[in-house]
Amino acid sequence: MLNVKSKPQRNYVLYILFIFLSSLLILVDFFSNKEMSSYIPKSLTFEFNLDVFETTYIDSFNSLITSRAELVAENIRLEQEVRNLRALEIENDSLEEKIKSFENISLIKNFNNLNFVETSLIIKNSSNEFLVSGGTNQNFKNRDLVLDERGYVVGYLKEVFYSYSILETFLSQSFKIQLIDKYNNEYILSSDGNQLSLYSINILKFNTDIDFLFTDISYNHSGKFPVVDTRSINFELVNNQINTSFNISNIFTFNTQLFIPKSK
Amino acid sequence: MNILYFLTNFLLFSLTLIFENFLNLIVFNKYISISPFFLLLFIYSITRFNNKNIFPIMGTGLIYDIFLSENYLGVYTIVFLLVSVLINYIYEKLINFNFNLPFVFALNFIIYNIPHILNLNFLYNIVLSVFINYLLFLLIKRVMRLSV
């Protein structure tokens, strides 16, 4: 492009003349009540065609933009909905598992007198003790029993803090619990970390159909829950005493649902 | 030759003005108006200011007044001619300092929008639009290698 240098001022004269001419047009149009400016649009059907053009092409173009914007918005909404549904699916699976475990635990006898407070494993420490969620904030106390989803005792609370507690299980060397069978014979179950030792402390009546050793309310336990299945171990009376050792088999995992029974 | 010059420029101005209206229809924002016609007028008035441009500008103004405006016939004709003259006059004769180009641009953009001065959003519209249109002008200037 050329860089035009300064022009002589007479170049503007014609422009100014035409500006005056245009002013004259305004005056004429003003006094003719816009007859001049509306003459061509009125006499031509172009305005109608312009309307058609506007309504067809511009509107369709606008609707294209609008529909595209709507599609984008709908897409964003659907993406969000899919995310929500995925989150709901995960939550639903988790709830189904919980319902299943609650159904299992509800089969325990004397369920009506107890509330089962759900807890879960947080971490395992170097002393083979497990940290579980919930503590004094959920009214947990020392020696509270901890059950798995089948209702078997997996341990008891050794120490209770505000929001978590330490669970003593069969894997802990200091695990020790007093048990009873259906004939009211009394036993002590202890662990050395590898094996469980069971010995009787009071045998009143021995029979082969003992089947289970339970916790009992007389030991300040919250209820009667099975701990040992005597059918799967060497459970024989020798010299009116029972003294046996067996391997730890009832190991729970991080997926196991845990419950703490509390009296109502 | 003069007729051809008039016709081509008239077509160029008219189409740019229609495009400006169409563009502002699509970019429907009350605070921003993009004015390619003003940019064209600005470039022409600085680099190609000539009496031959009077008829194309006037013709475009009349077309606008007749078909696209509710104003009296000649209003936009005056505005376009006045802007064209003022751009050239201020830029070439009146002032000469470092930022004269943006100053001339802003001042004439305000004059270009005088018919909308009663609009309530005029101030915001002008501030934003001057900025955006000046950026566009700089872009065109760089692309076309204009020596202004």
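**View 1. Residue A:Q195 in strand β9 of chain A.** In this predicted model, A:Q195 belongs to strand β9, which spans residues 195–202 of chain A. A:Q195 counts as exposed because it has 12 C-beta neighbours inside 10 Å. Leaving aside residues up to four places away in sequence, A:Q195 touches A:S245, A:F246, A:N247 and A:I248. A separation of 54 residues in sequence lies between A:Q195 and A:S249, whose C-alpha atoms are 9.4 Å apart in space.

**View 2. Helix α1 of chain A against helix α4 of chain B.** The axes of α1(A), residues 11–31, and α4(B), residues 75–94, come within 8 Å and cross at roughly 160°. This angle makes α1(A) roughly antiparallel to α4(B), and the crossing of the two is left-handed. From α1(A), the residues A:Y12, A:Y15, A:F18, A:I19, A:S22, A:S23 and A:I26 take part in the contact. Their partners in α4(B) are B:V75, B:T77, B:I78, B:L81, B:L82, B:S84, B:V85 and B:Y89. Sorted by class, this contact comprises 11 nonpolar, four polar and no charged residues.

**View 3. Helices α4 and α5 within chain B.** Helix α5(B), residues 100–112, packs with α4(B) at an angle of about 165°, and their axes are 10 Å apart. The two helices are therefore roughly antiparallel to each other, and α4(B) passes α5(B) in a right-handed crossing. On the α4(B) side, B:V79, B:L82, B:V83, B:L86, B:I87, B:I90 and B:Y91 meet B:N100, B:V104, B:L107, B:N108, B:I111 and B:Y112 of α5(B). The contact of α4(B) with α5(B) contains 11 nonpolar, two polar and no charged residues.

Definitions and conventions
Residues numbered from 1 in each chain as written. Chains lettered and ligands numbered in written order. Predicted model: local features only at pLDDT ≥ 70, side-chain atom pairs only at ≥ 80, totals over all residues. Helix = DSSP H or I, 4+ residues; strand = E, 2+ residues; numbered from the N terminus. Buried ≥ 20, exposed ≤ 12 C-beta atoms within 10 Å, placed from the backbone. Contact = placed C-beta atoms within 7 Å. Axes fitted to C-alpha atoms, helices over the stretch in contact; angles between N-to-C directions. Parallel < 35°, antiparallel > 145°, perpendicular 65-115°, else oblique. Left-handed = near helix turned anticlockwise from the far one by under 90°. Nonpolar A, V, L, I, M, F, W, Y, C, P; charged D, E, K, R; others polar.
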